[in-house]
Amino acid sequence: MKKILFIASECVPFIKTGGLADVVGSLPKYFDKKEFDVRVMIPKYMAIPYEYKEKMVYKAHFYMELAWRSKYVGIFEMEYDGVTFYFIDNEYYFAGPSPYGNIYEDIEKFAFFSRACLSALPVIDFRPDIIHCHDWQTGLVPVYLKDTFMKGEYYRGIKTIMTIHNLKFQGIWDMKTVKDVTGLPEYLFTPDKLEAYGDSNYLKGGLVYADVITTVSDTYAEEIKTPFYGEGLDGLIRARSNSLVGIVNGLDYNEYNPTTDPLIVNNYNPITFRKEKVKNKRALQRELGLEVNDKVFMIGIVSRLTDQKGFDLIDYVIEEICTEDTQLVVLGTGTPKYENLFRHYAWKYSNRVSANIYYSNERSHRIYAACDAFLMPSLFEPCGLSQLMSLRYGTVPIVRETGGLRDTVVPYNEYESEGTGFSFSNYNAHEMLNTIRYAKYIYYTKKREWNKLIDRGMAQDFSWSHSAKKYEDLYKNMI
């Protein structure tokens, strides 16, 4: 039996701020239980809902040295959906309404968490063959393991994987403070280890010390070797490219299933969507106060409203997007500039633009089920889950060819009648607008072709079982 431990800062259903939580919560369920014992370790945040906290069982506690101070570490355990979860408890670090706060607090919080996870292993009597770390919050795990913990016989031979979900976030802070809070020795703070451009960098530490680096799509694995996408670490990624693997994220096909989804108004499947999908559109139009019209082309956006997601392109041509024959439904929060942009257009064109500046899981499902097309013009997109959801719900994605979007959406070819969506390659507002107009042209004038696009999209398999197989192969090669 091969033992794997996932360590991460968030995980559905307990705590979520982004796609990282979906991956850490879903992927472990899909491994072959006869061959792999996969468990998950996350912080016991005060923000975790009470319904989960009351089911956690206290396992043990101890005190751990962190630099010059002694810290309490509690361990709680819970089984959920057949997977064992461990929660590291310390109210000083994990109080507060959300998992992340000011970066200078998070730097100390996740140094504590990384060290506590390793210290907890002998206590819970689970010695993993591989520790699978996710994003910068766990970047110090491979560092502590290869340096501080190697003195102990127990830890020798444990392998590590560092998965990059988004290279933009690296956990950067000044070296003096980081030395002070981590207790790591001076010799680790050099340009070939933890130091980057004069500061210390948690993710860099993980990338230097992990045995294998993975990222969440093949294209993104290639892109981050270049200066444009490499966020200052492209040199290191190139140097370690022989240890770098791209594996596309999957989607939890039980949760995202138009045939059984309890959150949508009307269920449908790949056979019945021609008649049944439109009922979701009517219901959403009524719910949002838009003109109720089956024929109008409805575009959905569910996203963080930030530059990374390509909203400056939308800003540039939004007047042209919101024309008479189009409705636009937006859900998400982010940069005030973009929040206000959509609020303004919802006020200006109240019968065809709806701005939902908050996040609601239920409303997101309804948007995926109701819209004709889904817009994702990202500047960069390591993997992206929204386009996988829209394919699953028969909503045709319009994307920019970058990262996971390029790997998962096949561009429409009208001559061969192929493809699952529409895409454009340059980061250019008018190229995006032309692609939207082309999609609209097919929708209005070639309905049979449009329905075939949906057929092919809904037939795609981006479930986790596919990706889990690739991770299993990776684990086997490492052990």
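This is a predicted model: local features need pLDDT of at least 70, side-chain atom pairs count only at pLDDT 80 or more; totals for chains, interfaces and linings use all residues.
Rolling a probe the size of a water molecule over the atoms shows where empty space is left. The largest pocket in the model has a volume of about 1,500 Å³. Its lining is made up of 48 residues, and those nearest the centre of the pocket are Lys16, Thr17, Gly18, Gly19 and Leu20. Four elements, namely helix 1 (19–26), strand 5 (83–89), helix 14 (361–370) and helix 15 (386–392), each provide at least two lining residues. Helix 1 contributes the most to this lining, with five residues. When the lining of the largest pocket is sorted by class, 19 residues are nonpolar, 18 are polar and eleven are charged.

The second largest pocket has a volume of about 370 Å³. It is lined by 17 residues, and Val278, Asp294, Asp372, Tyr443 and Lys447 are the closest to its centre. At least two lining residues come from each of helix 11 (273–288), helix 17 (429–445) and helix 18 (447–459). Helix 11 gives the most to the lining of the second largest pocket, supplying five residues. The classes represented in this lining are eight nonpolar, two polar and seven charged residues.

Two cavities of 30 Å³ or more were found in a search of the whole structure. The largest cavity has a volume of about 60 Å³. The residues that line the largest cavity are Asp22, Ser26, Gly250, Leu251, Asp252, Glu255, Tyr256, Leu385, Met389 and Trp464. Five of these lining residues are nonpolar, two are polar and three are charged.

For the second largest cavity, the volume is about 40 Å³. Its lining consists of Ile301, Ser303, Lys309, Phe311, Ile314, Leu375, Met376, Pro377 and Ser378. Helix 12 (311–321) and strand 16 (373–376) each contribute at least two residues to the lining of the second largest cavity. By class, this lining comprises six nonpolar residues, two polar residues and one charged residue.

Two arginine residues were then examined individually. Arg39 is located in strand 2, which spans residues 36–43. A polar contact of 2.6 Å joins the side chain of Arg39 to the side chain of Tyr86.

Arg240 lies in the loop that runs between helix 10 (234–239) and strand 12 (244–246). Polar atoms of the Arg240 side chain face two backbone oxygens: that of Ala210 at 2.6 Å and that of Val208 at 3.4 Å. Both Val208 and Ala210 are in contact with Arg240, as are Leu207, Tyr209, Asp211 and Ile213, leaving aside neighbours within four places in sequence. Arg240 and Met162 are 78 residues apart along the chain, and their C-alpha atoms are separated by 12 Å.

Key. Residues are numbered from 1 along each chain as its sequence is written. Side-chain values use heavy atoms; hydrogens and water are left out. On a 1 Å grid over the protein atoms alone, a cavity is a set of points where a 1.4 Å probe fits but cannot get out, and a pocket is an open set with protein on both sides within 12 Å along at least five of seven lines; lining residues have an atom within 4 Å of a point. Grid points are joined across faces, edges and corners, and a volume is the space filled by probe spheres set on the points. Ala, Val, Leu, Ile, Met, Phe, Trp, Tyr, Cys and Pro count as nonpolar, Asp, Glu, Lys and Arg as charged, and the others, Gly among them, as polar. A polar contact is a pair of N or O atoms within 3.5 Å; within protein, one must be able to donate a hydrogen and the other to accept it, and residues adjacent in sequence count only if both atoms are side-chain atoms. Contact means heavy atoms within 4.5 Å.
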